[in-house]
Protein chains: 4
Amino acid sequence: MNKKIKAAIIGATGYVGQELFRILYSHELVEVKYVTSVSYTGEKYADVYKNFNEKTDLICTEGDIEKIAEECDVMFIALPHGIASKTVNIRILEKCKVIDIGADFRIKDKTIYENWYGVKHLGEEILKEAVYGLSEIHGEEIRKARLVANPGCYTTCSILSLYPLVKENLIERDSIIIDAKSGVSGAGRKPDTGTMYCECNESVKAYKVCTHRHTPEIEQELSNAAGEEIKLIFTPHLVPMNRGIIATCYAKIKGNSDYETVKRAYEKYYKDKRYIRLLKEGKFPETNMVKGSNYVDIGIGIDKRTNRIIVIGAIDNLVKGAAGQAVQNMNIMFGLEESTAIDIPGIFPI
Amino acid sequence: MNKKIKAAIIGATGYVGQELFRILYSHELVEVKYVTSVSYTGEKYADVYKNFNEKTDLICTEGDIEKIAEECDVMFIALPHGIASKTVNIRILEKCKVIDIGADFRIKDKTIYENWYGVKHLGEEILKEAVYGLSEIHGEEIRKARLVANPGCYTTCSILSLYPLVKENLIERDSIIIDAKSGVSGAGRKPDTGTMYCECNESVKAYKVCTHRHTPEIEQELSNAAGEEIKLIFTPHLVPMNRGIIATCYAKIKGNSDYETVKRAYEKYYKDKRYIRLLKEGKFPETNMVKGSNYVDIGIGIDKRTNRIIVIGAIDNLVKGAAGQAVQNMNIMFGLEESTAIDIPGIFPI
Amino acid sequence: MNKKIKAAIIGATGYVGQELFRILYSHELVEVKYVTSVSYTGEKYADVYKNFNEKTDLICTEGDIEKIAEECDVMFIALPHGIASKTVNIRILEKCKVIDIGADFRIKDKTIYENWYGVKHLGEEILKEAVYGLSEIHGEEIRKARLVANPGCYTTCSILSLYPLVKENLIERDSIIIDAKSGVSGAGRKPDTGTMYCECNESVKAYKVCTHRHTPEIEQELSNAAGEEIKLIFTPHLVPMNRGIIATCYAKIKGNSDYETVKRAYEKYYKDKRYIRLLKEGKFPETNMVKGSNYVDIGIGIDKRTNRIIVIGAIDNLVKGAAGQAVQNMNIMFGLEESTAIDIPGIFPI
Amino acid sequence: MNKKIKAAIIGATGYVGQELFRILYSHELVEVKYVTSVSYTGEKYADVYKNFNEKTDLICTEGDIEKIAEECDVMFIALPHGIASKTVNIRILEKCKVIDIGADFRIKDKTIYENWYGVKHLGEEILKEAVYGLSEIHGEEIRKARLVANPGCYTTCSILSLYPLVKENLIERDSIIIDAKSGVSGAGRKPDTGTMYCECNESVKAYKVCTHRHTPEIEQELSNAAGEEIKLIFTPHLVPMNRGIIATCYAKIKGNSDYETVKRAYEKYYKDKRYIRLLKEGKFPETNMVKGSNYVDIGIGIDKRTNRIIVIGAIDNLVKGAAGQAVQNMNIMFGLEESTAIDIPGIFPI
C-alpha cells in the first residue's frame with residue numbers, strides 16, 4: 001500500500017515554510033494538504049510565491065490546528081516563538097506528529113527559555129516529551145518522538161561543529177568562542193529597515209552581540225555532551241547573501257591533542273552520518289558548496305602557535321538549518337529512508 | 001527491466017556541465033558514466049566541484065569520444081564552439097545519441113555560422129540532421145533525433161517570448177528589439193578580468209552590442225516561424241547576479257490587435273507546454289521565480305500610446321537555458337516523461 | 001567676503017537627502033543650516049545616518065518652510081510628490097531659491113502631471129516659472145531661476161542620451177524605445193516587501209511596464225527638442241545593486257546617417273558640457289565607471305543590419321540623477337563654478 | 001608660495017593604486033606626476049580605469065624609480081611584497097619620501113618577515129628606519145620619517161581595535177582571537193578562479209586559516225604595546241562585497257574590569273584621534289557606515305557570562321586600510337593638516 005503521509009505546514013508563507021513546501025513537493029511519499037498563513041489567508045499559494053505557479057493549487061488557510069491534527073499525519077510549525085507552545089497540546093500530539101521549526105520546545109529548562117525569550121512558556125505540559133531534532137545526536141529519540149523541536153539554524157551549525165570536541169573532552173570547556181556569519185534570509189520576510197536591500201547589501205555587521213537567543217540552545221546541547229555546564233560566546237554577523245551560514249568556532253586545546261586525535265573524534269561520531277561531510281586536512285568549507293543541500297561541511301584546523309583549535313562548519317540555513325532538517329526528522333519519525341527528498345548535491349553557482 | 005540510460009558529459013567542469021551532472025544525479029533512469037575535462041583530467045570530480053563531495057566518485061577523464069560512444073547511450077557536449085563539429089560524426093551518431101549544448105549545430109546555414117563565429121564549420125556532414133532542441137517548437141523532430149543542438153540561453157528565452165507573435169503575424173517583422181539581461185554564470189568559469197567579482201559586482205553594462213552570436217540563432221528560428229526573413233536587434237547586458245536571464249522584447253503591433261488577441265496566440269502555442277508559464281495580464285516575470293527550475297515565465301504588455309507590444313520572458317540560464325533543457329530533450333529522445341528530474345519549483349530565495 | 005550660502009535640506013533622511021548632505025558637506029561655499037525629517041524629528045542626524053557620526057551635530061527638525069525661507073539662501077526639497085507643490089509659493093520664492101528634487105514642478109502641463117500622478121497639482125501659481133533643471137539643455141534659464149525642478153533619475157539619463165538625435169532630426173520620432181535598468185536605491189528607504197534584500201537580490205525584473213511616471217517627463221523634453229510631439233516606450237527594470245542607472249535607447253535611423261554624422265550631433269551639443277562624457281566608437285558605458293560621480297557616460301552604436309541606432313547612457317542615480325545634479329544647479333544659480341563639490345572621478349570598485 | 005607636492009604612484013593600476021590616485025586627485029596641495037604600471041605601460045590611465053576619463057591625461061610609465069625620486073617629493077609604492085625592499089634604498093630616501101603600501105617594511109624582525117613571506121628580505125639597510133605607518137600610535141615618528149610602511153588592511157583594523165586593551169593591560173594576553181571579514185577588493189585585480197564573480201558571490205569562506213601574513217604584523221604592534229610577546233589567532237574570511245573589513249576581536253578580561261574601565265582606556269588613547277570613532281555602549285559598527293571614508297568605527301561589548309570582551313572594528317579596506325591611510329601619513333610627513341583630501345563622511349548606500 002502506498003498511502004502518502006498527509007502533511008500540513010503551519011506558517012507556510014515565511015521563507016522557511018516555503019522552502020519546506022518546495023522540499024516536500026519532491027517527496028514522493030508525502031502530500032501537503034494544508035498551507036496556513038495569517039497574512040495571506042484566502043490567497044492562492046502560487047500567488048504569494050510565484051515560483052509555485054502551476055505547481056500547486058493550494059489556498060492559504062487560517063489554520064485550525066485541531067482540524068489539521070485530525071486530518072494530517074504530520075504538522076510542521078514555522079511560526080514566531082511563543083505561538084506553538086500556546087497551541088500544541090497533548091490532544092494534538094495524540095493525533096498528529098508535530099515538528100516545530102520555531103524555538104518553543106528546544107530549550108528544556110523553562111526558566112532559561114523565559115529569560116532569553118522574555119515570554120512565559122505556555123506549553124510546559126508537553127515540553128518534557130519534546131525531542132531536540134538534531135538527528136546526528138538524538139536520532140534514536142527522534143525515531144520515537146511525537147514532538148520534535150527542530151534546531152535553530154546557527155545552532156545546528158555550531159553544535160555539530162563542536163560536539164565531538166566537547167564529548168571527547170578535547171578542549172577547555174570555558175574557552176569556546178563561536179563567530180557565525182549568516183545570509184539575510186535568516187531574518188525572515190517581514191519588511192524592516194534593517195533588511196532592506198540597500199541597508200544590508202555590500203555591508204557586514206555583527207548583531208545581538210552577547211544576547212542572541214541561539215546561545216542557550218547551543219550551551220544546552222554542548223553541556224549535555226560534556227556532562228557539565230558550558231558557557232560560551234556566540235556572535236552572529238549579517239552577511240550580504242541570501243542563504244548560508246558559516247560558524248567559525250575557536251577553543252583552547254586540552255593537553256596535547258594533535259590533528260589526528262581530533263580527526264578521530266570527529267570520525268567516531270560522524271563517519272556514518274549521511275549529512276555531515278568532514279573535509280580533508282587543510283580544507284575549510286564555504287557556504288557555496290552546501291547551498292540548496294542538507295549537508296554540514298566541517299573543516300578542522302590546529303594552531304600550534306597558540307594551542308587553539310578552529311573548527312569551521314557551513315550549512316544552508318534554510319535547508320539543514322530549517323526545512324531540510326525538518327524533513328530529515330520527519331523521514332526518521334516515519335521510518336522512511338533518512339535522505340528521501342533531500343538527497344541532492346548543493347546547487348552552484350546560484 | 002529498468003536498465004538505466006548511460007550518459008557521458010563531455011566538458012563536465014564548466015558551469016553548464018556541472019549543472020547537468022547535478023540534474024542527472026536526480027534522474028532515476030540515468031547513470032552518468034563519464035565526466036570529461038581538459039583542465040582537470042585525472043582529478044576527482046568532487047574535488048573540482050566540492051558540492052559533489054560524497055555524491056560521486058567519478059574521475060575526470062580526457063574524453064575518448066569513440067570509446068564513450070561505444071559505451072554510452074547519450075553524450076552531452078558542453079564545450080566551446082568549434083570542437084563538437086570537429087569531433088562528432090555519423091559513426092558516433094550511429095552508436096550514441098548526442099546533445100550538443102554548444103553552438104556548432106544550431107545554425108543551419110553554414111555561411112551564417114562561419115560569419116558570426118569566425119571559424120570554419122567542420123561538421124557539415126551531420127549539420128543537416130541536427131535538430132534545433134527547442135522542444136516547445138520542434139518536439140516532434142527531437143523525438144526522432146540522433147543529434148540535438150541545444151539552444152543558447154539568450155535564444156531560448158528570446159525565441160519563446162516572441163514565437164507566437166511572429167507565427168501568427170501579429171507584429172511588424174522589422175520592428176523587433178530584444179533587450180536582454182543575464183547573470184554572470186553565462187560567461188563561464190574561465191578567469192578573466194571582466195568577470196572578476198569587483199569588476200562586475202554592483203554594475204550593469206551592455207556588451208557585444210550589435211554583434212552577439214545569439215542574434216543569428218534567434219533570427220533563424222523566428223524567420224522559420226514567419227516564413228520570411230527576420231532581422232532584429234539583440235542587446236545583451238551583464239547584471240550582477242549569478243543566474244537568470246530576462247529578455248525584454250519590443251515590437252510594433254500590426255493592425256489593431258489587442259491584449260486578448262495576443263493572449264490567444266500565446267495560448268494556442270503554449271497552453272499544453274509544460275515549461276512555459278504565461279503570466280496573468282499586468283504581471284511580468286522576475287528571474288527570482290524561475291531560478292533552479294526549467295520554466296520560462298512570460299508576461300505580455302500592450303502600450304496603446306505607442307502601439308507597441310512588450311513581451312518579457314525569464315529563465316534560469318543554466319537550467320532552461322542549458323542543462324535543464326538538455327535533460328528535457330534527452331527525456332523526449334528516449335521516450336521518457338518530459339519532466340523527469342526537472343520537475344521542481346524554482347528555489348527562492350537563493 | 002566669504003559669506004557662505006545657507007542651505008536647508010527638506011526631507012534630509014531619505015537616500016537622496018542624505019546624499020545631498022554628503023555632497024554639500026564638501027562644498028566650501030555652502031553651510032547646511034537645516035535638515036528636516038518627518039520620521040526622525042528631534043533625532044540627531046548622525047544617529048539616523050551613522051556615516052555622519054562626528055561630521056555633523058545637526059538635529060532633524062520638523063521643517064517650518066516659512067522660517068527656513070527667511071533664514072536660508074537655498075532650500076532643497078527631497079520629498080514625495082504632491083508636497084512641494086502644496087508648500088512652496090511665491091512668498092517663499094521671494095526670499096529663498098528652491099530646488100525641488102521631487103516631481104511636482106517638472107511637468108509643465110498640469111493635466112499631464114495630474115493624469116500620470118493621480119493627484120491635483122496645487123502649485124499652479126508658480127509652476128510656470130519653474131525651470132527644468134537639466135543644465136546641459138536649460139543652463140541659461142537655470143542661471144536666472146528662483147525655482148528649479150530637478151529632473152528624475154531615469155529621465156536625466158534618458159533625455160541626455162537621446163537629445164542630440166531628436167534635436168538634429170536624425171531618427172524616426174515614433175521609433176524610440178528606452179529600456180532602463182536601475183539599482184535599488186532609486187526605490188527609496190521606506191520598508192517594503194519588494195525592496196527587501198532577499199526579494200530583489202540576485203534577480204532582475206521589469207516594473208511599472210508602460211506606466212512609469214518618468215515617461216511624460218522624457219516625452220516633454222524630447223518633444224520640446226523636436227518641435228513636435230514625441231511618444232515613446234520607457235521600461236524600467238530593477239537590478240540587484242545599490243546605485244546606478246543604465247538606459248539603453250533604441251531608434252530607427254532617418255535617412256542614411258552614419259556613425260560620423262551621429263557623433264557630430266552629440267559633439268555639437270555636448271562637447272563643452274563638463275559632465276557628459278562621449279565614449280569612443282565601439283565603447284559603451286557601465287555604471288561602475290560613474291558611481292559616486294556626476295558624470296553621464298554615453299556610448300553610441302549603429303546597427304546597419306536593421307538600420308537602428310543604440311545609444312546607451314549611464315549615471316549614478318543618486319548623484320547626476322538627483323543630489324549631484326541639484327548641487328550642479330545650485331552652483332549655476334548662485335554663479336559659482338558649476339563643478340564645485342562634485343568634481344570627483346567615479347569611485348571604483350565600491 | 002603654494003608649490004604643490006609632486007607625487008608618484010608606483011603600481012598605479014591595482015585597486016589600491018587607483019584609489020590612491022582618486023584621493024590625491026582631490027588633494028589641493030598634491031600633483032600626481034607619475035603613475036607606473038608593469039601591465040599597462042604606455043596606456044592612458046583613463047583607458048585602464050575609465051572612471052578617470054576626462055580627469056587625467058597621464059600615461060602609465062614603466063617606473064624608473066631613480067628618476068622619479070629626482071623629480072618627486074613623495075613616492076607611494078603599491079606593489080606585491082618583495083619588490084619595494086629590492087628597489088628602495090638610502091639614495092632614494094635622500095631625495096624623496098617613500099610610503100610603501102606593501103608589506104616589505106612593516107615587520108621589524110627580518111627573520112619573522114622571511115618566515116611568513118617565504119622570501120629573503122633585500123632591504124635590510126633601510127628596514128631599521130622605516131616607521132610603521134599607524135599614525136594613531138606612531139604619529140610622532142611618522143612626522144619625521146623618510147620611509148613609512150603603510151599597515152595592512154586587516155592589521156589596521158585589528159590593531160586599532162585592540163591597542164588600548166593591551167596597552168592598559170586589561171586582557172589576558174594569550175587569549176586574543178581575531179575573526180575578520182573582508183570584501184573581495186582586498187584580493188586585488190589579478191584574474192583568478194577564486195575571485196571570479198560566480199565563485200565568491202553569495203558565499204562566505206575562511207581562508208589562510210592560521211597562516212595569514214597579517215598575523216605577525218598584528219602581533220608585532222600589540223607586543224610592542226604590551227611590552228611582552230603576544231601571540232594570537234587571526235582568521236580572515238572572504239565576504240561577498242566589494243569593500244570593507246570588520247574585525248571581531250575576542251579576549252578574556254583580566255581582573256574585574258567593567259565597561260566603564262574599558263571605555264576609559266579607549267578614550268585615553270583615541271579621544272583626540274580624528275579617524276577613530278568610538279561607538280556608544282551597545283552599538284557596533286557596520287562596514288556600510290565607513291565606506292569611502294578614512295574612519296575606523298569601534299564598538300565594545302562585555303560578556304559577563306563568560307568574562308570576555310568583544311571589540312569590533314570596521315574600516316574601508318581601500319581607504320583607512322590602504323590609500324586613505326597613506327594620504328593621512330603623507331599629510332603628517334609634510335606637515336599638512338592630517339585630514340586634507342580624506343575628510344569626507346562615508347558614502348551610503350553604495
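Me: What makes up the two domains of chain A?
Reply: The domain assignment of chain A gives domain 1 as 5–151 + 321–333 and domain 2 as 154–319; such bounds come from an automatic or database domain assignment. The model is a predicted one, in which local features need pLDDT of at least 70, side-chain atom pairs count only at pLDDT 80 or more, and totals for chains, interfaces and linings use all residues. Residues are numbered from 1 along each chain as its sequence is written, while chains are lettered from A and ligands numbered from 1 in the order in which they are written.

Me: How many residues of domain 1 of chain A are in contact with domain 2 of chain A?
Reply: Two residues are in contact if their C-beta atoms, placed from the backbone, lie within 7 Å. By that test, 22 residues of domain 1 of chain A are in contact with 24 residues of domain 2 of chain A. Helix 1 (15–25), helix 6 (110–117), helix 8 (135–144) and helix 13 (319–333) of chain A each give two or more residues to the domain 1 side. Helix 13 of chain A gives the most, with 6 residues. The C-alpha centres of the two domains of chain A lie 24 Å apart.

Me: Which classes of residue form that side of domain 1 of chain A?
Reply: Ala, Val, Leu, Ile, Met, Phe, Trp, Tyr, Cys and Pro count as nonpolar, Asp, Glu, Lys and Arg as charged, and the others, Gly among them, as polar. The side has 13 nonpolar, 5 polar and 4 charged residues.

Me: Why is chain A called as compact as a globular protein of its length?
Reply: The radius of gyration is taken over C-alpha atoms, and the globule rule is 2.2 Å times the number of residues to the power 0.38. Chain A has 13 helices and 14 strands; these are DSSP runs numbered from the N terminus, of H or I and at least four residues for helices, and of E and at least two for strands. The radius of gyration of chain A is 20 Å, close to the 20 Å that the rule gives for 350 residues, so chain A is as compact as a globular protein of that length.

Me: Why are strand 9 and strand 12 of chain B said to stand at the edges?
Reply: Two strands pair if DSSP finds at least two bridges between them. The open sheet of 7 strands in chain B has the order 9-10-8-11-14-13-12, with mixed pairing. Strand 9 (205–206) and strand 12 (276–278) of chain B each have a single partner strand, so one side of each is left without a neighbour in the sheet. Strand 8 (177–182) and strand 10 (233–238) of chain B, by contrast, run parallel and are joined by 6 bridges; B:Ile178 has B:Phe234 as its bridge partner in strand 10.

Me: Why do chains B and C meet through the same surface?
Reply: The contact takes 37 residues from chain C and 37 residues from chain B. Of the interface residues of chain C, 100% are also interface residues in chain B, so the copies meet through the same surface.
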